[in-house]
Amino acid sequence: FLAALDFSRTAAAPGLLWMVILAIAASAVSLYYYLEVLKQAFVVDDGATTPIRKAPIQMAAILILAASVVIFGCFPNLLVGPLQHALSVKAGQEPASTSITVPSTVAALK
């Protein structure tokens, strides 16, 4: 949400109003689909439910991906640090700091 708000503020510059209108239209379409999912989850009662069976390899892949999302979401420096180091070495520069800068809009909420 904060990224969309910051984008809207930036795009509200003269000559970019069409981009703000496009972003609002895309948000409206997204909202429709989000509400459809919620309606299916909480309002519609289909009565007959059958369990979904997955092969063990599928479950392992899902668990590995879910764990990766949680780990890299909580500790992004595990991924960003080595990438920054590799890019700085390739460019022939001194390795950059592995800290992540927080945008001012996010820092203001803390």
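This section describes the fold, confidence, surface and side-chain contacts of a predicted model.

The protein contains five helices and zero strands, and its elements follow the order α-α-α-α-α from the N terminus. Across the protein, the mean pLDDT is 79, and 76% of the residues score at least 70. Where pLDDT is low, the predicted coordinates should not be read in detail.

The geometry of helix α4 (residues 77-90) was compared with expectation. At 1.5 Å a residue, its 14 residues should span 20 Å, and the C-alpha atoms at its ends lie 19 Å apart, in agreement with that value. After α4 comes Gly 92, which has a positive phi near 80°.

Of the 110 residues in the protein, 4% are buried. A nonpolar patch on the surface is formed by Leu 31, Leu 35, Leu 38, Phe 42, Val 43 and Val 44, which together have about 620 Å² of accessible area. Among these residues, Leu 38 belongs to helix α2 (residues 17-42). The relative accessible area of Leu 38 is 44%, so this residue is classed as partly exposed, the category that lies between the limits of 20% and 50%.

Side chains of opposite charge can pair when their charged atoms come close. A search of the whole structure identified one salt bridge. This salt bridge joins Glu 36 and Lys 39, with 3.8 Å between the closest N and O atoms, a separation that falls within the 4 Å cut-off. Because Glu 36 and Lys 39 are three residues apart in helix α2, about one helical turn separates them. Both partners are partly exposed: the relative accessible area is 26% for Glu 36 and 36% for Lys 39.

Aromatic contacts were examined in a corresponding manner. The search of the whole structure returned one aromatic pair. In this pair, the ring centres of Tyr 32 and Tyr 33 are 5.2 Å apart and the ring planes meet at 80°; the arrangement is therefore edge-to-face, a class that requires planes over 60 degrees apart. Tyr 32, with a relative accessibility of 48%, counts as partly exposed, while Tyr 33, at 54%, counts as exposed. The latter assignment follows because exposed residues are those over 50% relative accessible area.

Methods. Residues numbered from 1 in each chain as written. Heavy atoms only, no water. Phe/Tyr/Trp six-rings, centres within 6.5 Å; stacked < 30°, edge-to-face > 60°. Buried < 20%, exposed > 50% of the residue type's maximum accessible area, 1.4 Å probe, protein only. Patch = residues over 30% accessible without salt bridge, like charges linked within 9 Å, V, L, I, M, F, W, Y side chains within 5 Å. Areas by Shrake-Rupley, 256 points an atom, 1.4 Å probe, with all protein chains shown as cover. Salt bridge = Lys/Arg side-chain N within 4 Å of Asp/Glu carboxyl O. Helix = DSSP H or I, 4+ residues; strand = E, 2+ residues; numbered from the N terminus. Expected span 1.5 Å × (residues − 1). pLDDT = per-residue confidence, 0-100.
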